[in-house]
Amino acid sequence: MKRQMSSPPLQDEKLISSFGIQRRNMLKFFGASAAVVALGTACSKNNNDDNNPADTGVFLGAGDFQILNFAYALEQLEAAFYIQVVTAANFTTLFPTLEQTYMNDIRDHEVIHREFFKAALGSNAIQGLTPNFSSIDFTSRLGILNAAKAFEDTGVSAYNGAAQYIIDINYLGLAGKIVSVEARHAALIRDLISNGTFADELDTNAKDIEKTPTAVVDIANTFLTTKISKRGLPA
Amino acid sequence: MNLQNIFFEIEKVDADVYDRMDSRRSAMKEFANFSGKVALAAMPLALGSMFKKAYGQTPTDVVDVLQFALTLEYLEAEFYTLGVPRSGVQTNAGAAGIAAFTKIRDHENTHVAYFKTVITSLGSTPIAKPTFDFTGGKGVPVVGPFQGWDTNYDVFLAVSQTLEDTGVRAFKGQAGRLINNKTVLTAALNVHSVEARHASHVRQMRRARGTATANTTLYSGSIKPWINQKDSNIGVAPYSAAVQGNYNGEENIVQGGVTITSLPGNASLDAASASFDEPLTKAQVLMLVDPFIV
């Protein structure tokens, strides 16, 4: 499926032509074909520019900071979920001992991921987000595990779908180190629900299926009181 | 910073530089967003990275990565294709174990076919399947440490876990070489996470086997779906020494310059190391799998 072409807004077009770069090269530079130049055209619905006044969520930033904040947001959500699970009064009655160990371990990992991104982003980090877990059934083991499965599978597909937008090879490496751990989590949670289902939602090439950043934000926002903005997200 | 001069200077030296760049629209978008959303501090880094990309990786890198991935998938696929029907698995794995290894086998065979297709579509010829010796003896009888890999279920499990964990590290080590090809990068990551799912399940199987057989020497430590420090959880000679190289480096707790145990939360060494899987270079992986290739 061909992606919609987008162009820089009109004001920036003037700025760029003042550089005096050869037009052909400038167009390559901005990823537009020489035949298609739509100056100042309205962007398609799928182009998440900043012209949507209804989108007042937390802005993730630009470039790699955007992707890192995207990951930071997801890890905040996962950490908050597992913290709630393992600190609940019913935790030790709902889960057998080994599963308690696993859930505590996963909680530890997600907190580490969250704190890592926060530290790496420094002053570029988004705020702490307030989750909304009202749709989750915390009263049963399966209610909790099904929510965990959704978080972990979404996390895997989020990292796999966002990696292509990372510019700095070092950040790509870090994302790679984390996604396989999320996949280990995802496989375990699936096996706790039904042993053997560790890798049951793959495509016909036995691959996991990535999600676009905006699709992930839509999912994440269903679990957030503080919504995330899709402004500027690449897809 | 004078962008105008920089662009002119680069064009003077290499008129085709902009042709060489992959059309990474998101990277370009950064320069389109002059309405203030780009932190000025980020621009030099992004600009430098973008030009570095143009010279850093070539299309031959992509094919090389895919051929390497194919090699590892051949290895795993053959291990399971030969091993699943043999007595180690059939007599000892139980219905759930047989089903799991059958599923993994099918995935690996599908991955082989997939990588062959991708390599062919890029105009190259997929390498042929090597001849393997899963005892780890490079074809020399009774030399390899994994004697009875197909008749001794404990050995089969140990090799399986190691292959899956190493496959994860191998893919991870190659991701950087794919940074200029969004499609192949995404595909490789989607295979990489499946190998991690395999590894997670096999580790759970090993933990259960250790409990069921009360064997805490071979099934050593606390076996988790993730890797704690550099513990293989394969505790008996000769297997222990044979696989340690596949796990060395996993104890790393410094990520992007950040010491994980210093972060808020007081993480244990186990958690700090387990929360990140570590890459292996192609050379490291080839050295580790060399004993399996005749």
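1. A residue is called buried if 20 or more other C-beta atoms lie within 10 Å of its own, exposed if 12 or fewer do, and partly exposed in between, with the C-beta atoms placed from the backbone. By that rule A:Ala206 is buried, because 21 other C-beta atoms lie within 10 Å.

2. This is a predicted model, in which local features need pLDDT of at least 70 and side-chain atom pairs count only at pLDDT 80 or more, while totals for chains, interfaces and linings use all residues. Residues are numbered from 1 along each chain as its sequence is written, and chains are lettered from A and ligands numbered from 1 in the order in which they are written.

3. Chain A has 8 helices and 0 strands, where helices (H or I, at least four residues) and strands (E, at least two) are DSSP runs numbered from the N terminus. Of the 235 residues of chain A, 49% count as buried. Among the contacts in chain A with a separation of 6 or more, 74% join residues 24 or more positions apart, a contact being a pair whose C-beta atoms, placed from the backbone, lie within 7 Å.

4. In chain A, the axes of helix α3 (residues 63-87) and helix α5 (residues 97-121) come within 8 Å and cross at roughly 150°; axes are lines fitted to C-alpha atoms, for helices over the stretch in contact, and angles run from 0 to 180 degrees between N-to-C directions. That makes α3(A) roughly antiparallel to α5(A) (under 35 degrees counts as roughly parallel, over 145 as roughly antiparallel, 65 to 115 as roughly perpendicular and the rest as oblique).

5. Which residues of chain B's helix α8 are buried? In α8(B), 22 of the 22 residues are buried, so this helix is largely enclosed by the rest of the structure. At 1.5 Å a residue, the 22 residues of α8(B) (residues 153-174) should span 32 Å, which agrees with the 32 Å between its end C-alpha atoms; the expected span is 1.5 Å times one less than the number of residues.

6. Most residues other than glycine have a negative phi, and most peptide bonds are trans. A:Ala206, in the loop between α7 (169-193) and α8 (213-221) of chain A, has a positive phi near 60°. B:Gln229, in the loop between α9 and α10 of chain B, also has a positive phi, of about 50°, and is partly exposed, with 16 other C-beta atoms within 10 Å.

7. The peptide bond from B:Ala237 to B:Pro238 is cis, with omega near 0°, and B:Pro238 lies in the loop between α9 (182-212) and α10 (239-247) of chain B.

Definitions and conventions. Two residues are in contact if their C-beta atoms, placed from the backbone, lie within 7 Å.
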